[in-house]
Amino acid sequence: MKQVWKRAAALGLALGLVLGLSACTGGSSDVDNVTTLVRGNLDEIYQGKYDPEYLKLVDSTESEGEEAYLEGLEVEAEYFAYYWGIIDASYDEKFEDLDQSLRDDIVALYKDIYSHSKYEVEPAVKQEDGNFTVKVTVEAIDVMQQASDLYDNDTYEPLNAFYEKLGNVNPEEMTEEQYAEITNEYGRIIVQLVKEQLPNLGYQEAKSLSIQVEKDDKGVFSINNDDWERFDTMVIAYP
C-alpha cells in the first residue's frame, strides 16, 4: 500500500505561512541579519524553537512562530499519509478523512522525528549582486529508511497479520464505515512501525547546499523558496 507522492505538492499547501518570512535591515550588519534569518527559520519550522533575535528581525511573536511550526507538522503529516498509502489521491481521499486521533498521532510522530534534526548554518556570504548565500550542512534522518526496509522485506509482524486478516477482502465491497475502519487500522500500524525505529534513529552522510537570500530595493530580505524546498527534502530521507 506504500506509494510515493510528490512532496513539493504537499509543501505548496504551507508556502504562504512557512516560507513567506522576510526581514528588514536593522541595527546589525546584513551578514548577521541574513544568518539569523536562515537559522531562525530552520529552528522555528523544524524544532519549534523561537530565537528572540529572529522574532524581532521578522517582526513576529512566539505564538505566530508556534503557528508556523504546527502548520509545517500538519503538512508533513499529510505527506506521510499519502507516502505510506494510508490515503490515496487517485480516489480523492484526504487527510481530513482519517480519525482525528490518528492524525494527531502522525503529527506527534513528526514532532518527535524533527526534534532530532541535525543541521549547521554557516555565516552568510555577500555576493557581487548584493544578495547573499548561506551554506547549510544537513544530515538526513534515516528513520523512514529503516521503517521502509522492514515494510519491503515483509518482516514487520503486525503488518503481516493485518494483511492476513484482510485475506481476499475486496475493498469495493466494503461499506464506507468498514473501509474507514480498515484505513485507520492500517494507518496506526504504520505509525507504530515508524515509531519503533526511533530508538535506533541514525543519520545519512552529511550534505551541503547554499540557500539564496535576496535583498530588494527596500532592504527586505527574502529566502529563495526553491532552495528552501531543496533543504526540506534533505532533512528526512524518504527512500
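In the predicted model, helix α7 (residues 143-152) packs against helix α9 (residues 176-195) at an angle of about 120 degrees, and the two axes lie 9 Å apart. This angle makes α7 oblique to α9. The crossing in which α7 passes α9 is right-handed. On the α7 side, the contact is made by Val143, Met144, Ala147, Leu150 and Tyr151. On the α9 side, Tyr186, Ile190, Leu193 and Val194 take part.

Helix α9 also packs with α6, at an angle of about 15 degrees and with the axes 10 Å apart. Angles under 35 degrees count as roughly parallel, and α6 and α9 are therefore roughly parallel to each other. Here the crossing is left-handed, whereas that of α7 with α9 is right-handed. From α6, the residues in contact are Ser101, Leu102, Asp105, Ile106, Leu109 and Ile113. They meet Asn184, Gly187, Arg188, Val191, Val194 and Lys195 of α9.

Helix α6 itself comprises residues 100-114, 15 residues in total. From its first C-alpha to its last it reaches 21 Å, close to the 21 Å expected at 1.5 Å a residue. The buried residues of α6 are Leu102, Arg103, Ile106, Val107, Leu109, Tyr110, Ile113 and Tyr114. These residues cover an arc of only 155 degrees around the axis, which puts them on the same side of α6. An α-helix has 3.6 residues a turn, so residues three or four places apart point the same way.

Helix α3 (residues 30-47) has 18 residues, which at 1.5 Å a residue should span 26 Å. The C-alpha atoms at its ends are 25 Å apart, which agrees with that expectation. Of the 18 residues of α3, 15 are buried, so this helix is largely enclosed by the rest of the structure. Gly48 follows α3 and has a positive phi, near 65 degrees.

Over the whole protein chain there are 10 helices and 6 strands. The chain has 239 residues, of which 48% are buried. Among contacts between residues at least 6 apart in sequence, 73% join residues at least 24 apart.

Terms used: Residues numbered from 1 in each chain as written. Predicted model: local features only at pLDDT ≥ 70, side-chain atom pairs only at ≥ 80, totals over all residues. Heavy atoms only, no water. Helix = DSSP H or I, 4+ residues; strand = E, 2+ residues; numbered from the N terminus. Expected span 1.5 Å × (residues − 1). Buried < 20%, exposed > 50% of the residue type's maximum accessible area, 1.4 Å probe, protein only. Arc of directions from axis to C-beta. Axes fitted to C-alpha atoms, helices over the stretch in contact; angles between N-to-C directions. Parallel < 35°, antiparallel > 145°, perpendicular 65-115°, else oblique. Left-handed = near helix turned anticlockwise from the far one by under 90°. Contact = heavy atoms within 4.5 Å.
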